[in-house]
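Please keep the sequence and the structure in view while reading.

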Amino acid sequence: MIEFDHVTKTYGKNTALKDVSITINDGDFVFVIGMSGAGKSTFIKLILKEIEADSGLIRVEGKNVTSLSNRQIPEHRRNIGIVFQDFRLLENKTVYENVAFAMEITHQTKRSIAKKVPQALNMVGIGRYADKFPGELSAGEQQRVAIARAVINKPKVIIADEPTGNLDPETAWEIMALLEQINMRGTTVVMVTHAKDIVDRMKKRVVTLSGGEIVSDVQGAYNLNV
């Protein structure tokens, strides 16, 4: 569960989030939409504890994120998988090594890595590309690697920040189908997007931010005019 309880975040004179309260339950699939500057990036960064809230309380899976020490932050982030628009793969590592790296930094055994990485790659449909480098793959294939990396440690939550932004429409739908499959297995998915067609077609929960405030929280409709 992700809970924001009267959270405010300002940057100088600019209020990025203003007294935001929201609960995202375990297993939810939530789209977060809004114009540029609406507060979407701040919302994600607060979940990840990349920035500090000025006031209010944030809980993720029952843990008070706002009170975490610097030492506790890495452990917190290990329970959250992240998928970015620009993939952020390590260009000098193979597909296998990119995904394995996410396990290595959590000090998992070589045996566990050798077992789980191929399973994750097959799950996202790119097992045959394990020995290739990111530069040898299409954009859609690179995003599949990024998703495999995000789920390899079985996180409770996936944060997807414009994951289809660099993809053609057909590939975008393939990625969305993959995220939906992951969600159906019980993982909470929070996705920031501008893709109206995806939001309207998938009919999930849609949270609209405007001026740092939640102005709409409905099922299945992309509407910035609220």
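Leaving out neighbours up to four places away in sequence, that is, within four places, Met123 is in contact with Val151, Leu178 and Arg185, where contact means heavy atoms within 4.5 Å. This is a predicted model, in which local features need pLDDT of at least 70 and side-chain atom pairs count only at pLDDT 80 or more, while totals for chains, interfaces and linings use all residues. Residues are numbered from 1 along each chain as its sequence is written, and side-chain values use heavy atoms, with hydrogens and water left out.

**Met123 and its helix**

Met123 belongs to helix α4; helices here are DSSP runs of H or I with at least four residues, strands are DSSP runs of E with at least two, and both are numbered from the N terminus. Met123 counts as partly exposed because its relative accessibility is 24%, given that buried means under 20% relative accessible area, exposed means over 50%, and partly exposed lies in between, with a 1.4 Å probe and protein chains only.

The 14 residues of α4 should span 20 Å at 1.5 Å a residue, and its end C-alpha atoms are 20 Å apart, which agrees; the expected span is 1.5 Å times one less than the number of residues. Just after α4, Gly125 takes a positive phi of about 85 degrees.

A pocket is an open set of points on a 1 Å grid over the protein atoms alone, where a 1.4 Å probe fits and protein lies on both sides within 12 Å along at least five of seven lines, and its lining residues have an atom within 4 Å of a point. Grid points are joined across faces, edges and corners, and a volume is the space filled by probe spheres set on the points. In the table, Ala, Val, Leu, Ile, Met, Phe, Trp, Tyr, Cys and Pro count as nonpolar, Asp, Glu, Lys and Arg as charged, and the others, Gly among them, as polar.

| Pocket | Volume | Lining residues by class |
|---|---|---|
| Largest pocket | about 560 Å³ | 11 nonpolar, 4 polar, 5 charged |
| Second largest pocket | about 340 Å³ | 7 nonpolar, 2 polar, 3 charged |

The largest pocket is lined by 20 residues, of which Arg77, Ile80, Ile82, Ala102 and Ile105 are the closest to its centre. The largest share of this lining, 4 residues, comes from β6. Met123 is among the residues lining the second largest pocket, as are its contacts Val151 and Arg185, and helix α4 (residues 110-123) gives the largest share of that lining, 4 residues.

An open sheet is formed by 4 strands in the order β2-β1-β4-β5, with antiparallel pairing, where two strands pair if DSSP finds at least two bridges between them. Its edge strands, β2 (14-24) and β5 (63-64), each pair on one side only. Strand β4 (residues 55-60) pairs with β5 over 2 bridges, and Arg59 has Asn64 in β5 as its bridge partner.

Glu3 lies in strand β1 (residues 2-11) and is buried, with a relative accessible area of 19%. Apart from residues up to four places away in sequence, Glu3 touches Ile22, Thr23, Leu57, Ile58 and Arg59.
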